[in-house]
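The following note sets out numbered comments on the model shown below. Please read each point with the structure at hand.

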Amino acid sequence: MKFLWLLTFLLAILGTALAHTPSCPKGFSRQANHCVSKRPVHGECPKGSKYNVGMNLCVHN
C-alpha cells in the first residue's frame with residue numbers, strides 16, 4: 001500500500017504513451033515508424049501520400 005502511488009504513476013505514464021501512438025489510415029500499415037502502402041505498378045500513390053524511393057513504398061504525410 002505504501003507504493004500504490006508509484007504504481008499508479010507508472011501506469012499513467014504507460015497509458016499516456018500508448019494513447020499517443022498514432023494509428024495509420026485505412027489502406028496503410030505501420031513500418032519503420034511510418035504509415036506505408038505498396039505503390040501500384042501502373043499508377044500513383046494513394047491520396048495523402050508520396051512515393052519514397054529509398055523505401056520503395058508510398059508514405060503517408
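This is a predicted model: local features need pLDDT of at least 70, side-chain atom pairs count only at pLDDT 80 or more; totals for chains, interfaces and linings use all residues.

1. Strands E3 and E4 run antiparallel and are joined by 4 bridges. Two strands count as paired if DSSP finds at least two bridges between them; helices (H or I, at least four residues) and strands (E, at least two) are DSSP runs, numbered from the N terminus. Lys-50 has Val-59 of E4 opposite to it. The hairpin of E3 and E4 has 4 residues between the strands, and within this hairpin Asn-56 adopts a positive phi near 60 degrees. Asn-56 belongs to the loop between E3 and E4, and its positive phi occurs in a residue other than glycine.

2. Residues are numbered from 1 along each chain as its sequence is written, and side-chain values use heavy atoms, with hydrogens and water left out.

3. As to confidence, pLDDT is the predictor's confidence in each residue, from 0 to 100. The protein chain has an average pLDDT of 85, and 92% of the residues score at least 70. Among the elements of the protein chain, E4 has the highest mean pLDDT (93) and helix H1 (residues 4-19) the lowest (81).

4. The strands form an open sheet of 4 strands, in the order E1-E2-E4-E3 and with antiparallel pairing. Strand E1 (29-31) and strand E3 (49-52) each have a single partner strand and therefore stand at the edges, with one side of each left without a neighbour in the sheet. On average, neighbouring strands of this sheet are turned by 45 degrees against each other, direction ignored; the axes are lines fitted to C-alpha atoms, for helices over the stretch in contact, and angles run from 0 to 180 degrees between N-to-C directions. In general, strands of a sheet pair through backbone hydrogen bonds, either parallel or antiparallel.

5. The E1 and E2 pair also runs antiparallel, and 3 bridges join the two strands. Arg-30 has Cys-35 as its bridge partner in E2. The corresponding hairpin has 2 residues between the strands, and in it Ala-32 takes a positive phi near 55 degrees. Asn-33 is located in the loop between E1 and E2; although not a glycine, Asn-33 has a positive phi of about 65 degrees. With a relative accessible area of 66%, Asn-33 is exposed (buried means under 20% relative accessible area, exposed over 50%, partly exposed in between, with a 1.4 Å probe and protein chains only).

6. Strand E2 (residues 34-37) and strand E4 (residues 57-60) are antiparallel and share 2 bridges. Here Val-36 faces Val-59 in E4 as its opposite residue.

7. Is Ser-37 buried or exposed? Ser-37, a residue of strand E2, is buried, its relative accessible area being 13%. Apart from residues up to four places away in sequence, Ser-37 touches Gly-27, Phe-28, Pro-46, Leu-57 and Cys-58, where contact means heavy atoms within 4.5 Å.

8. Ser-29 lies in strand E1 and is partly exposed, with a relative accessible area of 41%. When neighbours within four places in sequence are set aside, the contacts of Ser-29 are Cys-24, His-34, Cys-35 and Val-36. Ser-29 and Asn-61 are separated by 32 residues in sequence and by 13 Å in space, C-alpha to C-alpha.

9. Leu-11, in helix H1, counts as exposed because its relative accessibility is 52%. From Leu-11 to Asn-52 the separation is 41 residues in sequence and 37 Å in space, C-alpha to C-alpha.

10. Which ring does the charged end of Arg-39 sit over? The ring is that of Tyr-51, and the charged end of Arg-39 is 5.0 Å from its centre. A charge sits over a ring if NZ of Lys or CZ of Arg is within 6 Å of the ring centre and within 35 degrees of the ring normal. The structure holds 0 aromatic pairs; rings of Phe, Tyr and Trp (its six-membered ring) pair if their centres lie within 6.5 Å, and planes under 30 degrees apart count as stacked, over 60 as edge-to-face and the rest as tilted.
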